[in-house]
Amino acid sequence: MKPVYIVDGARTPFLKSKNRPGPFSASDLATQAGRTLLVRQKFAPQDLDEVILGCAAPSVDEVNIGRVAALRMGCGQKVPAWTVMRNCASGMQAIDSGINNILAGRAELVLAGGVDALSRAPLLYAEKMVLWFSDIAAARSAGQRAALFAKLPVRALLGPVIGIMKGLTDPMVGLLMGQTAENLAHRFGITRAQMDAYSVRSHHRVAEAQQKGHLAPGGGELEALYDANGKAYTLDDGVRSDASLESLGKLKPFFDRKYGNVTPANSSQITDGAAWLVLACEEALQRYDMQPLGRIVDSQWAGLDPAQMGLGPVHAATPILKRHGLGLNDLDYWEINEAFAAQVLGCLAAWKDEKYCREELGLERAMGELDQAKLNVDGGAIALGHPVGASGTRIVLHLLKTLKRTSKKRGMAAICIGGGLGGAMLVEAL
């Protein structure tokens, strides 16, 4: 199989939702990150063979947001652009789709990434209210309209459906994503103290990476955003450098208020953000005299019980490890997206569990214990946030940047996916 290289990448700061629409639409985020990335390349935006953008919750006024972003970035009308959606792994799916088109010979140079502006997820009316609006639109006389206003369903009017809550509920098993995390905590005996301790570590690691410049403008990954008034957004703003077991312990469980342990503080944050990667084949590298960051060695998708969706990284990464004769700790670094602390800890527990590895993964024995010094070394989505469409791209980008910064060689990026799926990519720095 011919190699597919990652030339460069960039992302926006991830901006935490503050219970109101954020300052940037999804296409604003994708456009600003993409322009900054493209302007430093040795090729023109019009030289791209295609643009692929993952987005889990595109706005109705940005349909096929991949095309919208490509045109706004100056790629021109002749560069095809399209949008993919695989829930939490939409950004990773964009990369995989680009890889496949390069391998098939249909493309040589691809811009692939992910975006979401979850703060702008809509409020929706329930069917009862929608039918009322339909009736009022069809009314022919003032009397008919007056009669309908007398029957106005006030409760439905004042109680809209919260779009993001609907989107984060599995339609097959009827569980919120946080409830699936509670399932994993129960299955593997993960305590509230363990969840909170993991979350505190995530915040502290991100704060340290910001202080060292790894997660700051100029660090090679994150690029500042500027709003219409010229205000700069330079850092991921959900990080709590003062996070402690005491402060996190004050929050009450949200998804299972009576018996649960999953809280907003040990869950990923709802955020807005975008990330991009430039993918190229050998011929494109030579044509434009480009030096790659690394290459994609292998990728894998997996399916599992939607009620246990958080174990997706285990089911996707394990086949890659087996194909390449690798153990968990033969890799230099791991990036497992932190949807929930219980979910990441559940993955680590599953690999150590003999029964799970035999019955669910078809292995002869347990995979063993992953060295957590190699895992999410600069923190993760609990502190950074999880703009669903962007996270799959972010973890691949950050993994490569970490490998290059530390002069290491190989790493795995893996992500759980709502609906009972998992995705993983094995990368190698060059």
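Which backbone oxygen does the side chain of T31 reach, and at what distance? In this predicted model, where local features need pLDDT of at least 70, side-chain atom pairs count only at pLDDT 80 or more, while totals for chains, interfaces and linings use all residues. Residues are numbered from 1 along each chain as its sequence is written, and side-chain values use heavy atoms, with hydrogens and water left out.

The side chain of T31 reaches the backbone oxygen of S27 at 2.6 Å. T31 lies in helix 1 (residues 26-39), and it is buried, with a relative accessible area of 1%, where buried means under 20% (1.4 Å probe, protein chains only). Leaving aside neighbours within four places in sequence, T31 is in contact with A69, R72 and M73, contact meaning heavy atoms within 4.5 Å.

Two helix pairs are set out below, with axes fitted to C-alpha atoms over the stretch in contact and angles running from 0 to 180 degrees between N-to-C directions.

| Helix pair | Angle | Axis distance |
|---|---|---|
| Helix 12 (residues 312-323) and helix 13 (residues 341-352) | about 45° | 8 Å |
| Helix 3 (residues 90-103) and helix 16 (residues 388-405) | about 65° | 4 Å |

The contact of helix 3 with helix 16 is made by S90, G91, M92 and I95 on the side of helix 3, and by G389, G392, T393, I395 and V396 on that of helix 16. Between helix 12 and helix 13, the contact is made by P313, V314, A317 and T318 of helix 12 together with Q343, C347, A350 and W351 of helix 13.

Notes: Helix = DSSP H or I, 4+ residues; strand = E, 2+ residues; numbered from the N terminus. Buried < 20%, exposed > 50% of the residue type's maximum accessible area, 1.4 Å probe, protein only. Polar contact = N/O pair within 3.5 Å; in protein donor to acceptor, adjacent residues only side chain to side chain.
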